[in-house]
Amino acid sequence: MRNQLNICVILRGMIGVFFIVVSAEKLLTPYENLLFVIQGYDIFPPFLEDVAAISAPWFEFFLGVFLALGLWIKPVLWAFVAFICAFILLLAQAIIRQLPLKDCGCYGELLSLPLHVSIMIDVGLLLCVVWLMKHLSQTSSLSLDRFFESKDT
């Protein structure tokens with residue numbers, strides 16, 4: 001049980017930091033870089049492409065911060081499930097349609113990976129998030145949720 005507790009907390013922190021880093025990279029570069037990648041998926045109307053290019057990195061950043069700190073863990077994990085599933089579907093449709101994308105844009109300028117590799121990473125992240133949800137009590141250890149919970153009692 002103790003090992004599982006440590007694994008949950010470490011995994012929660014690693015996933016949170018991963019999303020903080022990749023989103024910070026996208027936030028520190030001009031949003032047009034991400035917009036160009038989003039336009040390559042050829043699935044959204046133009047106004048949604050702009051909205052996605054501006055808001056997605058912020059969404060990733062705050063989800064990563066909340067997960068790393070252990071704040072609102074359960075809803076954050078559900079948001080991660082939805083977000084990662086959306087990425088997987090977006091990548092899958094690009095592969096099926098054989099769009100000429102060199103990389104997914106998921107990691108900004110940090111990494112340039114083929115779409116099928118990015119899907120495998122996303123599936124791995126999804127499995128980790130689902131595992132954290134299954135072990136929610138251990139995942140909540142050393143979290144702000146527990147800190148605030150103890151202040152209420």
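Biologist: Which range of relative accessible area is called partly exposed?

Modeller: Buried means under 20% relative accessible area and exposed means over 50%, with partly exposed in between. This is a predicted model, and the term is applied here to computed values.

Biologist: Why is W131 called partly exposed?

Modeller: W131 has a relative accessible area of 29%. Buried would need a value under 20% and exposed one over 50%, so W131 counts as partly exposed. The residue lies in helix α5, residues 115–134.

Biologist: What makes C104 and C106 a disulfide?

Modeller: Their sulfur atoms are 2.4 Å apart. The cut-off is a pair of cysteine sulfur atoms within 2.5 Å, so C104 and C106 qualify as a disulfide. A search of the whole structure finds 1 disulfide.

Biologist: Are these two cysteines, C104 and C106, buried or exposed?

Modeller: C104 has 4% relative accessibility and C106 has 10%. Buried means under 20%, so C104 counts as buried, and so does C106.

Biologist: How do you know that C8 is in no disulfide?

Modeller: The nearest cysteine sulfur, that of C128, is 11 Å away, whereas a disulfide needs the sulfur atoms within 2.5 Å. C8 is at 0% relative accessibility and therefore counts as buried.

Biologist: What makes V51 partly exposed?

Modeller: V51 is at 45% relative accessibility, so it counts as partly exposed; exposed would require over 50%. V51 is found in helix α3, residues 46–69. Together with I43, F44, F47 and L48, V51 makes a nonpolar surface patch of about 450 Å².

Biologist: How do you know that E49 has no salt bridge?

Modeller: The nearest side chain of opposite charge is R97, 9.6 Å away. A salt bridge needs a side-chain nitrogen of Lys or Arg within 4 Å of a carboxyl oxygen, so the separation from R97 rules one out for E49.

Note on methods: Residues numbered from 1 in each chain as written. Predicted model: local features only at pLDDT ≥ 70, side-chain atom pairs only at ≥ 80, totals over all residues. Heavy atoms only, no water. Patch = residues over 30% accessible without salt bridge, like charges linked within 9 Å, V, L, I, M, F, W, Y side chains within 5 Å. Areas by Shrake-Rupley, 256 points an atom, 1.4 Å probe, with all protein chains shown as cover. Helix = DSSP H or I, 4+ residues; strand = E, 2+ residues; numbered from the N terminus. Buried < 20%, exposed > 50% of the residue type's maximum accessible area, 1.4 Å probe, protein only. Lys, Arg positive; Asp, Glu negative; His and termini not counted.
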